[in-house]
Amino acid sequence: MVDDPGVRLRALRLRRGFSQERLADEAGLSVSTVRKIEQGGSARIETLRTLAGALDTETSSLFGARSPEPVTDAMEDEKLNLLPLRQVLTPAVGLIGVSRPPAGRSVRESQSQLRDALSNAVRVYQTDDFGTVAAMLPVMIEESRGLVDGAENDGDRRETARLRAEIFQVAGWFLTQVRQYDLAYAAIRDAMRDALDSEDPLTAAVGAISQSWLFIRQGRFDDAERLARETASQVEPRLSMASDAELSAWGWLLLRGSAAAVRNNRVDASDDFLSLAEVAASRITGSEATGRYHQYLTTFGPNVVRMKRAEALMIVDDPRGVLRIAEDVGGIGGKLRRSDNYSRHLLDVAAAHAALRDFGDAVDVLTLLLRSAPEWLRHQRKGKDILSTVLHSRKRKLSSELRELADFMQVQ
């Protein structure tokens with residue numbers, strides 16, 4: 001039997017000679033929280049990171065195998081909602097290989113038509129229309145399979161494999177965003193396979209970026225950091241000759257490495273990654289269009305690195321540092337520009353205000369997110385945690401903004 005986090009936490013605490021009271025004091029948590037976890041209770045990764053930091057160990061040292069929690073009706077409903085996408089990403093496999101239903105519709109023969117569909121899917125994804133994305137992706141994946149299977153020469157096969165890789169990557173982004181992690185891994189794994197078959201290092205690098213993000217969301221910090229570091233080393237460009245796309249791929253890998261390291265209480269390693277990412281961002285000219293659909297290669301730059309540094313500061317409990325950086329981060333033309341990166345940054349800003357007990361400012365930021373990115377916000381546990389902190393700290397009757405947020409995010 002493999003120890004669960006509570007057993008490991010108790011063993012590390014005793015090894016350090018800490019009482020539960022001292023560990024709680026060092027971590028800034030209640031004794032009841034430490035006691036509950038050691039008795040087998042569940043805990044958020046953020047709480048385990050804080051406890052691991054107080055014990056001067058990596059967060060991953062607390063992770064182990066344990067029996068999963070019972071599946072809820074809501075979780076079962078999510079599986080059914082994504083059934084068509086599940087079918088194309090995890091097809092039935094029999095004695096003669098993959099079993100697929102006969103095609104009920106003609107396959108587009110034109111790569112340009114499918115690329116147009118991919119462009120539209122990315123646009124829809126960026127507007128947080130997740131229902132439409134879920135409906136589009138299965139058809140696009142099947143059509144891309146038809147193109148790959150029908151390729152008449154090596155050149156066509158490489159080009160269609162690259163196109164299919166990009167479609168799988170969009171599927172991976174979407175599924176990671178909605179926390180369907182096993183399906184996301186299947187999509188990203190297939191994207192990596194096609195990227196390698198197409199002999200396109202940039203497409204493969206983007207697959208590694210997506211995979212690292214997925215691993216971070218799963219708490220696989222060691223795997224995420226190692227993958228990001230190894231891939232960054234392999235694609236590191238010569239700065240004097242690098243294109244924006246090459247700098248962006250390298251820079252995003254460094255940002256993923258930093259995000260994994262700081263969550264694993266490897267703050268110095270995180271800072272090293274961020275320093276290199278700043279170098280990459282300083283070389284971006286902004287004059288080059290990639291002509292592709294790699295979201296990461298079109299968003300990287302100094303502003304994104306600032307936001308990720310703020311994220312790292314929030315993780316190590318420096319809310320004032322977050323707000324200092326936030327003063328230098330802005331949308332295009334001073335207006336809010338909807339993007340996952342900026343929305344995540346705003347959550348860090350809201351968390352910083354809540355940590356400093358500036359609850360009105362925290363609510364203002366959450367309300368801004370509710371207006372600009374409601375579907376995205378609905379999937380953010382961090383947003384619910386911030387709102388819960390605000391609600392439990394209030395001294396007055398709920399304001400209309402708080403009531404609207406609480407109803408929307410289903411937080412009591």
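Entry 1: Buried means under 20% relative accessible area, exposed over 50%, and partly exposed in between, with a 1.4 Å probe and protein chains only. Helices are DSSP runs of H or I with at least four residues, numbered from the N terminus.

I then listed the partners of leucine 387: leaving aside residues up to four places away in sequence, it touches Leu366, Leu402, Leu405, Ala406, Met409 and Val411. Contact means heavy atoms within 4.5 Å.

**Entry 2: basis of the model.** The model is predicted: local features need pLDDT of at least 70, side-chain atom pairs count only at pLDDT 80 or more, and totals for chains, interfaces and linings use all residues. Residues are numbered from 1 along each chain as its sequence is written, and side-chain values use heavy atoms, leaving out hydrogens and water.

**Entry 3: a helix pair.** I examined helix H10 (residues 181-197) and helix H11 (residues 201-218), which pack at an angle of about 160° with their axes 9 Å apart. The axes are lines fitted to C-alpha atoms, for helices over the stretch in contact, and angles run from 0 to 180 degrees between N-to-C directions. H10 is therefore roughly antiparallel to H11, a term for angles over 145 degrees. Among the residues making the contact are Tyr181, Tyr185 and Ile188 of H10 and Gly207, Leu214 and Phe215 of H11.

**Entry 4: loop residues.** I found aspartate 128 in the loop between helix H7 (111-126) and helix H8 (130-149). Aspartate 128 is not a glycine, yet has a positive phi of about 65°. Its relative accessible area is 7%, so aspartate 128 is buried.

Arginine 179 is in the loop between helix H9 (154-177) and H10, and its phi is also positive, near 65°. Arginine 179 counts as partly exposed, at 25% relative accessibility.

Last, I located aspartate 358 in the loop between helix H18 (340-355) and helix H19 (359-372). Aspartate 358 is partly exposed, with a relative accessible area of 31%. Its C-alpha atom is separated by 9.2 Å from that of valine 390, 32 residues apart along the chain.

Notes
Helices (H or I, at least four residues) and strands (E, at least two) are DSSP runs, numbered from the N terminus. Angles under 35 degrees count as roughly parallel, over 145 as roughly antiparallel, 65 to 115 as roughly perpendicular and the rest as oblique.
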